[in-house]
Amino acid sequence: MIFRTVQNISIPAIGLGTFALRGKECTRIVTTALQGNYRHIDTATFYENETEVGEGIRNSGVSREEIFLTTKVWWNQLSANGVKTSIASSLSKLKTDYADLLLVHWPNPDIPLAETIGALLDVKGQGLARAIGVSNFPSELLHKAQALAGGEIAVNQIEYHPFLNQDTLLNTCAELGVVVTAYCPIAKGCVNDNQVIRQIARHHGKTPVQVTLRWFMQKDQMIAIPKSRVAERLLSNIEIFDFALSRAEMNSINSLGRNGGRMIDPDWAPKWDAPHSESFPLDEKPFSTGTI
């Protein structure tokens, strides 16, 4: 396993995303992941599955101290009282005393950012979260958040995959000492249809998904949280530490971002760092917008 270290906390570089996993399926997948050597689980208030995630953790037999657990505060709960209520509810549902990482899920311009960051710092100071961060924050907002936090923003969780160029924001995160967690890292399976990635996969005897996740592992301070409902694919996603991509292969995948676009772009999204293209190579599927 590869770890990313920020503010003296080690975060497993590959984790399990749980968006849209519900009920017994969610519990089963979390248990399967942890028993298959995953040690990073990502959930959120908005996902409405924290109870099932917590049950999956307990069923796994893996001690809580070995697991890096992330949850998030929804964008309409970012007042001081809202953050306090949200983390209390999350911990109660997860049946744990603390989150390893608490994130602002989406920025909300109607609630002062200083109030939100102050509340996150209070949560951390009380030991309810070991680290704090944000999600879906473009460069300008990230600069403001980090300044307000006195440098304590550890993570920015963003949409990132081979078809979305995020160079501007990645550079900002590096400048501010912020680790990047990529959601939708395999572009909802679209990497399976890309000829560049398929060719690299054939060369290594791996799947396009494995090649894509290896691409993330070879990037600095990058975390990926793929999701799968199928146990075999879930376990396959973590079998990426027995090969390496060449510099040329890394560059070939990097270049795909010129032709991609966002999959997640709700009405309340902030102004992104750069506009995305709506044109796609013929061997790729058009993306649909949504929420995560």
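These legends describe close-up views of a predicted model. Residues are numbered from 1 along each chain as its sequence is written, and side-chain values use heavy atoms, without hydrogens or water. Because the model is predicted, local features need pLDDT of at least 70 and side-chain atom pairs count only at pLDDT 80 or more, while totals for chains, interfaces and linings use all residues.

**View 1. Strands E3 to E10 form an open sheet.**
The sheet has 8 strands in the order E3-E4-E5-E6-E7-E8-E9-E10, and the pairing is parallel. Strand E3 (16-17) and strand E10 (222-224) stand at the edges. Each has a single partner strand, so one side of each is left without a neighbour in the sheet. Strands (E, at least two residues) and helices (H or I, at least four) are DSSP runs, numbered from the N terminus. Two strands pair if DSSP finds at least two bridges between them. E7 and E8 run parallel and are joined by 4 bridges. Here Ile132 stands opposite Ile153 in E8. In a regular strand the side chains alternate between the two faces of the sheet.

**View 2. Strands E1 and E2 form a hairpin.**
Strand E1 (residues 3-6) and strand E2 (residues 9-12) run antiparallel, joined by 4 bridges. Val6 has Ile9 in E2 as its bridge partner. The hairpin has 2 residues between its strands. Gln7, in the turn, has a positive phi of about 50 degrees. Phe3 is found in strand E1. Its relative accessible area is 44%, so Phe3 is partly exposed. Buried means under 20% relative accessible area, exposed means over 50%, and partly exposed lies in between (1.4 Å probe, protein chains only).

**View 3. Helix H7 has a buried side and an exposed face.**
Ile197, Ile200 and Ala201 are buried in helix H7 (residues 195-204). They cover an arc of only 100 degrees around the axis, which puts them on the same side of H7. The arc is that of the directions from the helix axis to the C-beta atoms. An α-helix has 3.6 residues a turn, so residues three or four places apart point the same way. The buried residues of H7 pack against helix H8 (208-217) and helix H10 (247-254). Gln199, Arg202 and His203 are exposed, on the face turned away from the buried side.

**View 4. A salt bridge joins Glu66 and Arg39.**
A salt bridge is a side-chain nitrogen of Lys or Arg within 4 Å of a carboxyl oxygen of Asp or Glu. By this rule the count comes to 9 salt bridges. The side chains of Glu66 and Arg39 meet at 3.6 Å, N to O. Glu66 lies in the loop between helix H2 (50-60) and strand E5 (68-73), and Arg39 in the loop between helix H1 (23-35) and strand E4 (40-42), so the pair ties together parts that are 27 residues apart in sequence. Glu66 is partly exposed, at 46% relative accessibility. Arg39 counts as buried, at 19%.

**View 5. Arg64, Asp100 and Arg130 are linked in a network of salt bridges.**
Asp100 and Arg130 meet at 2.8 Å, N to O. The pair links distant parts of the chain, 30 residues apart: Asp100 sits in strand E6 (residues 99-104) and Arg130 in strand E7 (residues 129-135). Asp100 is buried, with a relative accessible area of 2%. Arg130 is partly exposed, with a value of 38%.

**View 6. Glu152 forms a salt bridge with Lys124.**
The closest N and O atoms are 2.9 Å apart. Glu152 lies in the loop between helix H5 (139-148) and strand E8 (153-159), and Lys124 in helix H4 (residues 113-125), so the pair ties together parts that are 28 residues apart in sequence. Glu152 is partly exposed, at 29% relative accessible area. Lys124 is also partly exposed, at 21%. Leu121 is found in helix H4 too. Leaving aside neighbours within four places in sequence, Leu121 is in contact with Ile132, Leu148, Ala149 and Glu152. Contact means heavy atoms within 4.5 Å. Leu121 is partly exposed, with a relative accessible area of 24%.

**View 7. Gln166 is buried in a loop.**
The loop lies between E8 and helix H6 (167-176). Gln166 has a relative accessible area of 5%. Leaving aside neighbours within four places in sequence, Gln166 is in contact with Ile158, Glu159, Tyr160 and Arg262.
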